[in-house]
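Thanks for coming, everyone. Please look at the sequence and the model on the screen.

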Amino acid sequence: MIEGTLVNLRAPDMDDLERNTRWVNDREVTRYLVLRYQMPGLAEENWLRERCSSAPSYHNTFFAIETKDGRHIGNTNLFNASPENRSAEAGIMIGDKEYWARGFGTDAMRTLLGFGFGEMNLHRVHLIVYAFNERAQAAYRKCGYREEARLRQHIFREGAYHDVVVMSILRGEFYTEGEAAP
């Protein structure tokens with residue numbers, strides 16, 4: 001288990017299936033994700049079973065996000081990791097809407113970045129976020145991410161085209177001045 005301030009990151013478990021299935025079929029949650037279509041329960045079960053039955057690797061690490069009292073509220077991961085470039089892409093979903101806009105996503109991302117920079121020896125982590133997801137962008141900025149590109153009218157959602165924002169953070173930007181990087 002990887003400990004943050006408000007959350008812990010842990011290995012996924014098949015007991016997470018019912019929550020994950022509910023979240024990936026909630027249009028309010030998936031509005032901010034690349035998921036567009038309803039996810040059949042069996043497909044979600046197969047997806048989760050694959051994560052639970054294979055060992056995490058440098059190229060793809062996946063964690064369930066739990067509150068300090070053990071409530072599973074979402075998932076996060078580092079994927080497409082490149083050892084040569086020491087870079088990876090981050091993803092996060094706070095599926096339990098009771099925990100939106102309360103700092104749990106920010107803490108989960110900080111905890112994930114601490115793992116990525118401190119344990120995986122990454123130099124750079126990037127992510128993509130829809131331009132209309134201003135709350136997520138604010139959380140990412142709190143973690144030290146910076147906007148580095150905007151893909152104009154890159155996605156079609158809710159009857160309109162929207163920009164996609166590429167944000168990144170470098171190892172030296174994550175560790176504050178005076179704090180020793182591991």
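**Aromatics, then the sheet**

Let's start with a charge and a ring. Arg135 puts its charged end over the ring of Tyr32, with 5.8 Å to the ring centre. Keep in mind that this is a predicted model. Tyr32 also belongs to an aromatic cluster, together with Trp100, Tyr130 and Phe132. The count of aromatic pairs comes to 11.

Now the sheet. In what order do the eight strands run across the open sheet? The order is β1-β2-β3-β4-β5-β6-β8-β7, and the pairing is mixed. The edges are β1, residues 2–3, and β7, residues 146–157; each of these pairs on one side only. As a reminder, strands of a sheet pair through backbone hydrogen bonds, either parallel or antiparallel.

Strand β3 covers residues 60–67 and pairs with β4 in the antiparallel sense, over seven bridges. Phe62 stands opposite Asn77 of β4. Ala64 has Asn75 as its bridge partner in β4. The β3–β4 hairpin has four residues between the strands, and Gly70 there takes a positive phi near 90°.

On to the next pairing. Strand β4, residues 72–82, runs antiparallel to β5, and seven bridges join the two. Leu78 faces Ala90 in β5. Asn77 has Gly91 as its bridge partner in β5.

How many residues of β4 are buried? Nine of the 11 are, so β4 is largely enclosed by the rest of the structure.

Let's zoom in on one residue of that strand. Thr76 lies in β4. Is Thr76 buried or exposed? Thr76 is buried: its relative accessible area is 1%, and the cut-off for buried is under 20%. Where does its side chain reach? The Thr76 side chain comes to 2.7 Å from the backbone oxygen of Gly91. Gly91 is also on the contact list of Thr76, once neighbours within four places in sequence are left aside.

Strand β5 spans residues 87–94, and eight of its eight residues are buried, so it is largely enclosed by the rest of the structure. Look at both faces. Ser87, Glu89, Gly91 and Met93 point one way. Ala88, Ala90, Ile92 and Ile94 point the other way. Both sets are buried.

One more neighbour. How do β5 and β6 pair, parallel or antiparallel? They pair in the parallel sense, over three bridges, with β6 covering residues 124–130. Ala88 has Val125 as its bridge partner in β6.

To recap: β5 is antiparallel to β4 and parallel to β6, and its eight residues are buried. Over to you for discussion.

Notes. Residues numbered from 1 in each chain as written. Predicted model: local features only at pLDDT ≥ 70, side-chain atom pairs only at ≥ 80, totals over all residues. Heavy atoms only, no water. Buried < 20%, exposed > 50% of the residue type's maximum accessible area, 1.4 Å probe, protein only. Pairing = 2+ DSSP bridges. Phe/Tyr/Trp six-rings, centres within 6.5 Å; stacked < 30°, edge-to-face > 60°. Lys NZ or Arg CZ within 6 Å of the ring centre and 35° of its normal. Polar contact = N/O pair within 3.5 Å; in protein donor to acceptor, adjacent residues only side chain to side chain. Contact = heavy atoms within 4.5 Å.
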